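This report describes selected features of one protein chain.

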Amino acid sequence: MAFSKARYLAAILAGTVSGADLAGFVKTDTGDTGGGNVFPGVSRPFGVTKLGPDLYTGSDSYSGYQASGNFTGFSMLHESGTGGAPKYGVVSQMPVIGAISNPLEDHNDTRAAADQTELGYYKSSLGSGIKVELGASYKTGLYQYTFPSNGTANNIIVDVSHVLSSYRGQGLEQHYLGGNITVVKTGSGVSYQGSGSYDNGWNRSPQWTVYFCGYFDSAPSSFKTFEGDGNNKGHNLSRYDDSVLSINSTARLGAVFTFSSSSIVSRVGVSFISSVQACESIDREIPAGTSLSALRDETRQAWTDQVLSKVTTTDTDTTNLELLYTSLYFMHLIPTNKTGENPKWQSAEPYYDDIFTLWDLFRCTTSLFHVLQPVAYEEYIRSLIDVWRHDGFMPDARSSFSNGATQGGSNADNVLADAYVKGVRGQVNWEDGFSAMVTDAEVTPPNNKDSRDPTASTKEGRGALPDWLQYGFITPTYGRSASRAIEYAVNDFGLFQVAQGLQKSNQASKYLNRSRFWRNHWNPNSTSLGFSGFVDPRTTSGFLPQNPVDCGGCYWSNYFYEALSWEYSFNAHHDIDTLIALSGGESTFVDRLEMMFVPGKNTGGMGSSTFNYTLFNPGNEPSFTTPFLFNFVGRQDLAVKHSRYVAKTYYHVSPSGLPGNSDAGAMESWLLWVMLGLYPMTGQTTFLIGSPWFSDLTISLSEGKSLHITTDGGSEDAYYVQSLKVNGEQWTKSWVTWDDIFGNGGTLEFELGTEAKLWATGPNPPSPGSEWNRNATIAEILGALPKP
């Protein structure tokens, strides 16, 4: 490793972009419009605080931000890149000019100019002439207001009932349930403390509470507290004066602070334990006198030290550098590290919240999380297991300390399996980890009666488990029956991997068999676009008619969730050799993969018009791995061709620069893998070889190790791999393992050219869930289908 470190130092001296410069390549508005739904405000890596604007347009503001509409407040808590329904938008302040007769009425403000955002800093210019500038630390935020100099009364409304709502009519809107506020007179002015309780949102959360503490760095000329009449959908007041310093009510409530100064600074902290803890965070993170510029610089340095400097390069192409570092930024906004802020139980284990969602993230985000943040990743694994200890199930998604919603399988199983096979040990209790996985595999969760799919639990676990255990397939008794079958099979393969590693041979055999149940949904007579054999819905009597290029609504109650049968039919990634055989062999498998990228073939799937009507959907996760499956059949060149085309066509450094919801960084992490020239097979140690976009790049790993990637001969037109050396040795496989390049660090040296070349003549990538080889006949496989 001394050689690798020396090369790294040499690269820096030769002109690697310095750590101080990396933050400038992060464009924090990338993906904040056009459905990307990212949060463009201010935050620290995995920070609790995500301070930014809340806009009202009549449609859902998922991260608070929209490019149009009126400002309703600037709040401390947000998610990033999610769909479904908004979450949080609480602990808010709203600046207002002039006398306020009723603070519960509409005090929205318009936009005078486009918002300005950069890493560590956010600015909004309101139609009233007010300028709002924001900065943040981990659990705290700083508001800096500049009012017009001719203002008669400059007010800050603190409305505890403020929350992001949903307008989709699905019953997913958040509700304010009550709270309290106390105004505290101090020697230098006033501060305020309190809490608000809320429920619902996309995960249909039960009641949860956030505590807050707010300081003003100059004294207001006056203040009033207010309380509504109890109709929390209305605007009527029951009281509004300065005679009561403290209010505790289920009615809407808050305070109005009026200033004679045109410049106002407020520092706010949040906690899920107490207002005292929120105040302590302010004193620790943003003490009095901290300037906005100093806080901005601290935030940029934190991102550089903890995230951006993990990947360095000598390349100078600005577009690629902005794509690289912007993507690194957005995959580190959530989950939220709420260690020390969990009100539900006391534990020595870390606690991570705001998991949106493992259905989106398990395919390629969590594996990159492992590479870039090994310490936080181990904490994350421990947190997932600790949720099982105290709440009964690991989450597939989780926010506000509650599991939900589960879109397909129990995908924490995949994440734990991936960590286990790649050697994550440390303080992880793997006996408990496996027990948590077994709970997913054996215990049917109670039905939470979600209107999106009332057939089984959408909160956690595997709601369709009764069919899976009884039949070895899933009938339409349960929503998303066909796509869930694929995911349950992958989940069970995860259990096999961990059971095998823990030397639990009987359980390993059991779950390996169950990981093959997906084959019971393979209909050899289903045809589409000249091909036969697809994953289809079925009953105990046989298969049901389903057009592989039409998934109906592609929603909770349909056979397939958010993707076509064409897409899901490629998703048994642990059993590729069997899939190749069922598809008609290697040549036909190549042709089927090629069909995924032919324009005009998608007539009934999601997002088809956006992506030239290809079956491959770059805007949703079930398609993520598909381009890289060419590596399994000797066509690594086609994996490069198609993945590079998608990345170059649908990803840009611009507000509409993502092909779909960011999904907590899932889109960005897919792009990062493409740019690095690798792609992970989750739950396995395999990484498929692509084509790097950089001539010289270093990834910092744990314990001072690194992976150094170089390319020679590459350009915008020369990107096909001609040859590859791994750790100095000539390489003829289209794949590497964790131990080859990440476990102890290593080197990848690519020769690139303009023409495709058959360089990967070695063994195909492994198919660890397959007992059949790819030359087996369809009749052989379907004649020996696995049984429960």
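## Basis and burial

A residue is called buried under 20% relative accessible area, exposed over 50% and partly exposed in between, with a 1.4 Å probe and protein chains only. By this rule Cys364, at 0% relative accessibility, counts as buried.

The model is predicted: local features need pLDDT of at least 70, side-chain atom pairs count only at pLDDT 80 or more, and totals for chains, interfaces and linings use all residues. Residues are numbered from 1 along each chain as its sequence is written, and side-chain values use heavy atoms, with hydrogens and water left out.

## Disulfides

With a disulfide taken as a pair of cysteine sulfur atoms within 2.5 Å, a search of the whole structure finds 2. Counting bonded cysteines along the chain, the pattern is 1-2, 3-4. Helices (H or I, at least four residues) and strands (E, at least two) are DSSP runs, numbered from the N terminus.

The link of Cys213 and Cys279 is right-handed, with 95° about the S-S bond. Cys213 is buried at 0% relative accessibility, and Cys279 is buried with a relative accessible area of 9%.

The other disulfide joins Cys551 to Cys554, with an S to S distance of 1.6 Å. The torsion about the S-S bond of Cys551 and Cys554 is about 45°, so this disulfide is right-handed. Cys551 has a relative accessible area of 3% and is buried; Cys554, at 2% relative accessibility, also counts as buried.

## Backbone geometry in loops

Most residues other than glycine have a negative phi, and most peptide bonds are trans. Two cis peptide bonds are described here. The bond from Ile334 to Pro335 is cis, with omega near 15°, and Pro335 is found in the loop between helix 5 (318-330) and strand 19 (336-337). Gly404 and Ala405 are also joined by a cis peptide bond, where omega is about 5°. Ala405 belongs to the loop between strand 22 (402-403) and helix 9 (412-421).

Positive phi values occur at non-glycine positions as well. Arg204 has a phi of about 50° and is placed in the loop between strand 11 (189-200) and strand 12 (205-216). At 25% relative accessibility, Arg204 counts as partly exposed. Glu703, with a positive phi of about 55°, sits in the loop between strand 29 (696-700) and strand 30 (706-712). Glu703 is exposed, its relative accessible area being 73%.

## Helix 12

Helix 12 covers residues 481-501. The expected span of a helix is 1.5 Å times one less than its number of residues. For the 21 residues of helix 12 this gives 30 Å, which agrees with the 30 Å between its end C-alpha atoms.

Helix 12 is mostly covered, since 19 of its 21 residues are buried. Just after helix 12, Gln503 takes a positive phi of about 60°.

## Pockets

Rolling a probe the size of a water molecule over the atoms shows where empty space is left. On a 1 Å grid over the protein atoms alone, a cavity is a set of points where a 1.4 Å probe fits but cannot get out, whereas a pocket is an open set with protein on both sides within 12 Å along at least five of seven lines; lining residues have an atom within 4 Å of a point. Grid points are joined across faces, edges and corners, and a volume is the space filled by probe spheres set on the points.

The largest pocket holds about 990 Å³ of space. Its lining has 31 residues, of which Ser161, His162, Val163, His235 and Arg252 lie nearest the centre. Strand 2 (50-56), strand 4 (92-97), strand 9 (154-159) and strand 10 (175-186) each supply at least two lining residues of the largest pocket. Nonpolar means Ala, Val, Leu, Ile, Met, Phe, Trp, Tyr, Cys and Pro, charged means Asp, Glu, Lys and Arg, and the others, Gly among them, are polar. The lining of the largest pocket has 11 nonpolar, 13 polar and 7 charged residues. The second largest pocket has a volume of about 580 Å³ and is lined by 31 residues, with Gly83, Gly84, Glu562, Met606 and Asn661 nearest its centre. Its lining divides into 11 nonpolar, 16 polar and 4 charged residues.
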